[in-house]
Amino acid sequence: MEEFYVLSWSRGKDSSALLVYVLQKKMPLHAIVTCDIMFDEHTSGEHPLMAKWLDEAEERVNYLLKKFGYEHVKIIHLTAKRNFLEQFYTVKRKGNHIGDNYGFPYIIGAWCNSKLKLDPTSKYINNLLKQGYCVTEYVGIASDEPKRLKRYKVLTSHNHKYITLAKFMITEQKALRTCKYWKLLSPKYENSFRCGCWFCPKQSLYDLYNLWKNHNEYFERLLKIEKDSHNTFKPGSTLAEIKARFESGYIPKRKR
């Protein structure tokens, strides 16, 4: 069975650092896949700071591929069947809240992660498996993320294997330093410990405050559609209530 090695690149620090280690150690690599997550037809789901940096990041990766002798490797862009807004207004046919819109993703089991990111990648991998390949997927999970490592260990099968940053004993902080050295660190990390989409319900109040303060048009778009969701953006608090706290002078503390 022919082997195929693919790296899932989110453009964040962990998957970018993993790419560097794969190249440095001359490990096999046939393709890099990345998901272009969209809020609507015209608006990227990436945080505005990240979205402005994406072309530069891709240029840098292509430079590194050439530098380390991987000119044959291409960056493949994947896109979900629906964008965020389309999925938000899709009516649920099963599970809880049948008949309601999907609405905002929950913090635990967020549909945005599966529908907008994992599903396109899984479809790409499954097509390779159907062609008879044995696929090894490089996934950016650091050695100090035990829960995520355990989850991927369970998913490993005889024809679909995973290699993570943990193989190199790389922590999240070391991944960050690696990206900074190789000029692969998104400017989003200057005021946050995580990247992720601007509509992500998992973002901290500190990140949400910065979205409200520095990119208010995005915050207002979330506020506008909250009325059409069966659940609030943050558990127990509406965006209007959070906005009122920000306007009254509340500034959340930056957390790890």
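**Note on salt bridges, strands and surface charge**

1. K13 forms a salt bridge with D14, and their closest N and O atoms lie 3.4 Å apart; a salt bridge here is a side-chain nitrogen of Lys or Arg within 4 Å of a carboxyl oxygen of Asp or Glu. Both K13 and D14 are buried, where buried means under 20% relative accessible area, exposed means over 50%, and partly exposed is in between (1.4 Å probe, protein chains only).

2. Please keep in mind that this is a predicted model, in which local features need pLDDT of at least 70 and side-chain atom pairs count only at pLDDT 80 or more, while totals for chains, interfaces and linings use all residues. Residues are numbered from 1 along each chain as its sequence is written, and side-chain values use heavy atoms, with hydrogens and water left out.

3. The structure holds 9 salt bridges, including one between D36 and R11, whose closest N and O atoms are 2.7 Å apart. D36 lies in the loop between β2 (31–35) and α2 (48–67) and R11 in the loop between β1 (3–8) and α1 (13–24), so this pair ties together parts that are 25 residues apart in sequence; helices (H or I, at least four residues) and strands (E, at least two) are DSSP runs, numbered from the N terminus. R11 is buried, at 5% relative accessibility, whereas D36 is partly exposed, at 22%. R11, D36 and E46 are linked in a network of salt bridges.

4. The side chains of E220 and K243 also meet in a salt bridge, at 2.9 Å from N to O. This pair links distant parts of the chain, with E220 in helix α8 (residues 216–225) and K243 in helix α9 (residues 239–247), 23 residues apart.

5. Strand β4 (residues 134–139) runs parallel to β5 and is joined to it by 5 bridges, and two strands pair if DSSP finds at least two bridges between them. V135 stands opposite H160 in β5. Is strand β5 largely enclosed or exposed? Of the 5 residues of β5 (residues 160–164), 4 are buried, so this strand is largely enclosed by the rest of the structure.

6. On the surface, K81, R82, K94, K115, K123 and K130 gather in a patch of positive charge; such a patch is made of residues with over 30% relative accessible area and no salt bridge, like charges being joined within 9 Å. Among them, K123 sits in helix α4 (residues 111–130) and is exposed, with a relative accessible area of 59%.

How values were computed: Patch = residues over 30% accessible without salt bridge, like charges linked within 9 Å, V, L, I, M, F, W, Y side chains within 5 Å. Areas by Shrake-Rupley, 256 points an atom, 1.4 Å probe, with all protein chains shown as cover. Lys, Arg positive; Asp, Glu negative; His and termini not counted. Charge placed at Lys NZ, Arg CZ, Asp CG, Glu CD.
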